[in-house]
Amino acid sequence: MKAKIGVYICHCGSNIAKIVDCEAVREYISTLPEVAIARTYKYMCSNPGQDLIVQDIKEHGLQRVVVAACSPRMHERTFRAALQAAGLNPYMFEMANIREQCSWVHDDPQAATEKAKALAQAAVRRVVHHEALEQMTVDMCPNTLVIGAGIAGLTATLELAEAGQKVFLLEKQDHLGGNLARVDLTAPYLDSARDLLIERITRVRSSGNIELLLNSRLQQLQGYVGNFTATLSRTGHDGPGTGKIREIQVGNVIVCTGYREFAAERVTHFGYGKLPDVITSFDFEKMLQAGRIECCDGTIPKYAAIIHCVGSRSAEFHGYCSRVCCMTALKYVHEIKSAVPSCYVSDLYIDMHAFGKGHEDFYRRTSEVKTMFLMFGKGDHPIIRSAGPKDDCKMLIEVNEQLSGELIEIPADLVILMVGMEAQEDAMETARLVNISQDKEGWFIESHPKLDPVATTTDGIFIAGTCVAPKDIPDTVAQARAAAARILARIAKGKIAVDAVYAEISDDACSGCRICNELCPYSAIEYDDKKKRSHVISAMCKACGACVAACPSGAIKGRHFTDQQILAQIEGVLR
Amino acid sequence: MSFEPRILGILCNWCSYAGADLAGTSRIHYPPNVRIIRVMCSARVDPTFVVKALVSGADGVLICGCHPGDCHYSEGNYKTMRRIPLLKKVLKDFGIEDERVRLEWISASEGQRFADIVKDMTERIRVLGPSHVACELHADPRER
Amino acid sequence: MAIRVNPKIIDDLAVYGAEDVQLCYHCGNCSAVCPHADEFNVFPRKPMRNLQMGLEKKLERSLEPWLCYYCGQCSEQCPRGAEPGETMMSLRRWLTSRYDVTGLSRLFYRSWKAEMIAILVLALLTGVAFFLFGMLRGDIHVYSGPGAFLPSSAVHLFDWSMAGVLAALLFVNSLHMWRLVFGSKDGPKPNLFMYLKHLPQLPWHFLTQNRFRTCQERNGLWLIHLLLVASYLTMLVLIMFFLPTMQSGPEIRWTVHTFGYAASIGLIGATIFMLHGRLKKTRTQFQHSHKSDWLFLIMLVYVALTGVLQHIAHRAGFPVAANLVYIMHMMGVVPMLVLEVPFSKWSHLAYRPLAMYLAAVQRDALLGRSSQGGEILAPRRIA
Amino acid sequence: MAVKKLQIALYWGAACGGCDVAVLDTNEFILDVAALADIRLWPIAVDGKYADVEALADNELDLTFFNGAVRNSENEHLAKLLRRKSKMLVAFGSCAHLGGIPGLANLTGREEILTKNYLHNPSIEPGNKKIPLPETDLNGQLLQLPYFFKRVYRLADIVPVDYCLPGCPPAPEQVKLSILALAGGKRPPPGSTIGAAERNLCDDCQRSKSEKKIKHFYRPHEILQDPDKCLLEQGILCMGPVTRSGCGVRCPDTGLGCRGCYGPAPDVMDQGSKFISALGSIIDSKDPHEIETIIAGIPDLTAILYRFGLPASFLQRSLKL
């Protein structure tokens with residue numbers, strides 16, 4: 001039975017028509033036996049364009065549709081919706097990309113038209129083999145697992161709990177607050193970190209919907225979006241029930257495991273660990289929280305120096321900028337000047353990144369208190385040596401100052417190293433447990449850096465805060481709330497549609513060779529010992545097709561990307 | 001008229017197909033000899049597709065995937081990284097020039113790189129000349 | 001060898017008027033907009049940088065503050081309000097105090113009360129001295145001619161001796177300036193030929209302040225300044241060489257006095273203009289006025305006015321009044337010349353032309369050295 | 001008159017005779033066949049001549065087993081002749097079904113084969129180094145020889161084939177069952193493969209199968225094998241996963257990787273390229289250089305992948321002919 005196919009060639013205004021002779025393509029395509037109707041139109045993606053398709057489906061009973069226009073990444077969803085509106089299964093549709101990959105990139109009209117004909121014919125040959133596919137819906141467990149109880153974890157947990165949803169807040173340490181708990185004041189408005197946290201921690205402890213699990217770690221995560229089973233274990237050294245294993249059912253997971261500060265001793269030329277008065281930013285925060293700024297021997301420093309980009313923006317450690325240390329350094333200048341007005345503060349930086357709200361004014365106010373700002377080159381690094389007996393300071397910092405072009409020596413009694421951010425040491429393990437990937441620096445990879453920053457390619461796993469990339473508190477809180485909001489939106493829908501495109505194994509073809517079993521990065525393929533057959537969990541399958549290509553008995557069929565469809569398309573495009 | 005090679009391009013949806021689209025939006029011109037089909041991941045490319053393309057008259061096959069480590073499905077391109085060399089080792093025994101089948105890593109932001117690779121491959125295959133794989137495949141066995 | 005930074009310098013310079021220099025974050029707009037900055041003298045940014053970092057040695061050796069005529073464009077451009085123009089002005093004051101070997105200049109700039117006391121004491125001394133001199137030798141009723149209260153010959157002698165002392169002081173300080181600029185061992189070493197080649201620049205800049213013209217084409221301050229200098233020089237010549245005729249007879253000797261009147265009008269007019277400008281802050285360079293600026297202008301007006309009064313009194317036939325005003329005039333002139341010229345703002349009449357001259361010599365020396373492969377002091381391209 | 005006996009014929013093209021022996025291996029069963037049927041042509045066992053076959057009426061033969069590939073004009077002639085004469089033509093054994101071992105000749109050129117065998121062959125005395133030609137004048141008489149094709153074809157490339165009975169040689173058990181099935185009247189759908197299962201060897205292979213991550217390939221004699229663990233997992237190239245079952249897992253049971261003689265599974269179009277896909281997936285390395293060394297460790301990969309099915313593959317032959 002010859003399938004009735006409608007082919008629509010789009011002018012896209014002049015974007016395609018300028019180079020590709022759409023009429024010639026239409027004529028050629030109409031000669032193909034499988035094609036019932038072939039039309040050209042100015043803007044297929046416009047409403048009248050889509051109505052054209054809907055009318056043809058209704059009047060001529062078209063069973064399959066091909067649109068030769070822009071990239072499927074652009075309007076495949078639009079046209080599928082049009083088919084659905086006309087009552088035809090949305091997967092009975094194929095697009096030929098004759099704009100981004102033809103008219104826009106070729107200047108010879110004749111060759112471009114020939115190519116457009118081939119691409120259109122390939123789509124027709126492929127769509128002949130398309131099958132109707134239905135989207136599966138799975139019900140959604142409303143509980144959420146939040147990993148990490150820093151400012152991001154606390155914010156996300158409260159957002160969900162106060163919306164009436166059950167939340168499991170998992171924290172590997174024995175206290176809440178994460179890295180923010182180790183900080184005294186925050187830049188640029190110098191409000192106290194303690195106030196930010198205390199308010200949230202009290203609300204977390206008093207909320208009925210939150211189950212707080214301190215000293216606990218994620219052991220294993222199985223299942224798929226809406227139906228995860230998380231196995232947790234308590235790691236507390238003493239506490240009751242150490243090592244106790246517990247299983248919980250959750251619908252979504254938010255990973256906000258935060259960051260680890262860069263180990264300053266790795267930078268040998270700063271002498272951290274050898275020179276007692278060279279301390280890291282977190283050591284200085286402890287001093288601030290204790291309320292006294294003093295050198296190791298208890299004396300008040302006459303000269304203080306702050307060095308930026310320790311471990312960040314450097315070839316041998318981390319290339320990225322850790323974003324928060326510049327403003328934190330200026331915060332330290334303010335705190336030193338207010339505590340010890342007579343102290344001369346010098347600030348060694350590569351570039352002053354004052355990009356956020358109120359940062360530039362903060363930077364200007366720091367200049368007004370006569371801080372000596374010294375710029376050193378990106379590849380260069382200052383060297384700290386202890387001073388001689390006749391010097392009036394403990395240490396001397398030698399640096400190749402860029403703004404004056406001079407090699408200078410700076411007196412310093414106290415040197416604060418602004419250590420950058422690094423991925424947590426267990427980030428690799430966390431990533432493997434929840435099946436998300438890491439970039440080469442160890443930060444988790446988001447689904448789309450601009451359009452989808454809090455989701456990951458693994459459905460149901462969200463990421464927020466500094467575990468994604470270095471960022472300051474406002475961005476972290478914004479991401480935490482974004483993740484929580486997306487989960488609330490899903491919970492509100494109740495059901496979750498699982499994509500119709502996935503792989504499936506036919507039982508009578510599978511010979512149990514198990515070659516496909518560990519190919520799947522999402523472990524969506526299980527082996528049934530009794531029946532000696534492999535089976536794909538369709539909800540977890542992301543339709544990458546690795547197993548479909550690998551199955552030596554051709555038993556795995558990639559829905560919407562079957563061998564038959566692709567081979568037909570290949571033959572069609574090489575006509 | 002000089003020989004115009006016909007090359008099949010099999011591009012992965014998340015990186016190389018997006019890169020080819022970027023070449024389009026940035027109006028980076030390249031020869032029209034490569035005709036692209038889209039697969040979800042380069043791991044979906046079965047070497048049988050490449051062989052089928054060669055016997056269906058393709059003068060060259062260009063397979064593109066994400067750079068190792070960037071794969072949308074985290075490990076897909078590693079499989080391609082192993083299948084294509086295996087295939088090329090076999091094709092050599094069939095007398096098919098090594099440059100007719102080519103594997104390249106192209107990220108979604110490398111429109112220019114995709115155009116350059118297409119230009120380079122088209123020129124190399126134009127030099128190699130048409131592929132004889134398809135012709136006299138089904139010819140009468142008796143011809144001398 | 002690394003140069004030691006001195007964070008205290010910036011506080012010292014605040015006294016000389018550089019309040020906002022720490023706001024500068026080195027965008028370089030000021031140097032870009034300055035008509036006189038070039039690859040050898042990147043100012044005002046470089047001096048401000050040395051000032052921020054407290055590189056005293058570098059500041060001392062720099063001629064750049066003198067190359068700036070404070071047109072004020074840089075301060076208008078500065079995104080951070082760091083007033084680079086004002087900083088250069090304060091650096092000139094600091095350099096004047098640095099060049100001065102006696103240390104008085106430093107004292108005067110640091111506390112204007114000390115300067116006021118010194119002026120008053122000196123004024124009283126001169127007043128008493130002249131008065132006694134006049135009472136002993138001459139008749140208060142006689143202004144000029146034989147038996148005059150203050151005979152022009154005596155005043156003449158006094159003027160010349162004071163000029164000699166002044167010239168000596170200025171010469172010593174200028175020599176100190178030269179040593180600071182070229183004395184250091186790693187600095188450029190000009191040869192005699194370079195000194196001679198550029199020698200004509202010294203009188204040229206002294207008389208015309210030509211550089212002031214190029215950066216002033218917008219508001220004509222150069223013309224007024226030129227008028228002031230011309231008037232001052234004419235008055236100097238008249239007093240130094242034609243004092244007897246200036247002082248003689250009640251009738252007006254037009255051949256000399258016309259110059260006198262023109263010079264006086266020029267002096268008073270220009271000074272009033274400057275005073276008005278500073279009071280009303282009409283231009284960028286008049287926004288901040290250091291005490292030494294006020295003192296300098298006030299004394300100039302006082303001396304000019306008393307000079308005119310004394311002349312009128314004498315011509316109108318009031319010899320006693322003329323003599324008294326003459327003493328008051330001298331009570332103004334002596335402190336102005338003795339204190340203002342070598343130790344305060346007026347010393348720029350010597351240092352500026354010398355700086356232009358030395359800068360030209362320095363440029364040749366640097367070009368010479370660079371052709372022998374030496375490192376040019378021009379800004380290094382930041383890698 | 002007596003019920004007409006079954007008219008059957010067996011012929012061998014470019015073959016080794018193993019398939020005919022396989023028919024004999026059915027032991028006494030062959031006697032029952034002889035009783036039931038008239039064997040009109042069986043060059044290896046019966047004295048029928050070509051002329052007798054040409055004398056037959058069309059479709060007079062009920063069943064013909066054609067084993068061996070089509071290598072020269074004589075094989076082609078007989079293939080066409082037997083097709084005309086028989087109702088049911090069965091491609092018997094790997095050579096007829098896929099091209100078999102002779103098919104490997106398609107990797108080298110005709111001239112190369114003839115010069116190697118007739119000129120450089122060490123066993124030829126110096127005087128006799130001559131390449132036989134299709135027609136030679138031997139002292140006044142015209143001597144004709146079959147024409148030596150440029151490459152080897154499977155039977156299905158020359159004439160339409162009703163059934164394929166894979167195997168090199170087909171298991172005697174399968175031969176018996178096939179004869180009974182075809183003779184017995186309840187015939188499977190035409191064009192299908194008989195005497196083999198629908199699934200691959202792994203289905204019948206008793207070895208335990210678990211995670212497949214191969215760092216290095218070995219030839220069977222190079223390692224001490226674990227008798228009950230999957231050979232592929234031990235690094236021995238076994239074509240089992242991509243080859244139809246039905247042979248009783250003869251090779252893997254003896255510690256030798258399956259050689260793929262039963263041909264690909266029903267949904268697989270090219271046995272060699274499909275196994276490349278599977279093999280590439282289970283090589284355990286992410287580093288291009290390490291991958292290179294692992295692949296270099298496989299001697300003569302093409303011959304292993306297409307040992308029996310070269311003419312049946314998409315490419316069919318090397319371009320070096």
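What follows is a request about chain C, and then one connected answer that goes on to the other chains. In chain C, at what angle do helix α9 and helix α18 pack, and which residues make the contact?

Modeller: Before anything else, please keep in mind that this is a predicted model, and that every value below is computed from it.

Let us begin with the chain as a whole, because the domain assignment divides chain C into domain 1, residues 9–99, and domain 2, residues 104–362. The centres of domain 1 and domain 2 of chain C, taken over C-alpha atoms, are separated by 27 Å. Where the two touch, domain 1 of chain C contributes 24 residues and domain 2 of chain C contributes 30 residues. On the side of domain 1 that touches domain 2, at least two residues come from each of α4 (56–61), α5 (64–67), α6 (73–77) and α7 (84–99) of chain C, and the largest share, seven residues, is supplied by α7(C). Sorted by class, that side of domain 1 of chain C holds 10 nonpolar, eight polar and six charged residues.

Now to the pair of helices you asked about. Two packed helices are described by the angle between their axes and the distance between the axes. Helix α9, residues 112–137 of chain C, packs against helix α18, residues 319–343 of chain C, at an angle of about 140 degrees, and their axes are 8 Å apart. Angles over 145 degrees count as roughly antiparallel and those from 65 to 115 as roughly perpendicular, and α9(C) and α18(C) are therefore oblique to each other. The crossing of α9(C) and α18(C) is right-handed. From α9(C) the contact includes C:Glu115, C:Ala118, C:Leu122, C:Phe130 and C:Gly134, while the residues of α18(C) that take part include C:Asn323, C:Ile327, C:Met330, C:Pro335 and C:Leu339. By class, the residues of the contact between α9(C) and α18(C) comprise 13 nonpolar, five polar and one charged.

Strands of a sheet pair through backbone hydrogen bonds, either parallel or antiparallel. In chain D, five strands form an open sheet with parallel pairing, in the order β2-β1-β3-β5-β9. At its edges lie β2 (37–41) and β9 (163–165) of chain D, each of which pairs on one side only, and neighbouring strands of this sheet are turned by 25 degrees against each other on average, direction ignored. Within the sheet, β3 (61–67) and β5 (86–92) of chain D pair in the parallel sense over six bridges, and D:Leu63 has D:Met88 in β5(D) as its bridge partner.

Chain A also has an open sheet of five strands with parallel pairing, here in the order β10-β7-β6-β14-β25. Its edge strands are β10 (210–213) and β25 (461–463) of chain A, and its neighbouring strands are turned by 20 degrees on average, direction ignored. Four bridges join β6 (144–147) to β7 (167–170) of chain A, and A:Thr144 stands opposite A:Val167 in β7(A).

Finally, chain A meets chain B, where 38 residues of chain A are in contact with 37 residues of chain B. On the chain B side, α1 (16–25) gives the largest share, six residues, and the residues of that side are 18 nonpolar, nine polar and 10 charged.

Conventions: Residues numbered from 1 in each chain as written. Chains lettered and ligands numbered in written order. Predicted model: local features only at pLDDT ≥ 70, side-chain atom pairs only at ≥ 80, totals over all residues. Pairing = 2+ DSSP bridges. Axes fitted to C-alpha atoms, helices over the stretch in contact; angles between N-to-C directions. Contact = placed C-beta atoms within 7 Å. Nonpolar A, V, L, I, M, F, W, Y, C, P; charged D, E, K, R; others polar. Parallel < 35°, antiparallel > 145°, perpendicular 65-115°, else oblique. Left-handed = near helix turned anticlockwise from the far one by under 90°.
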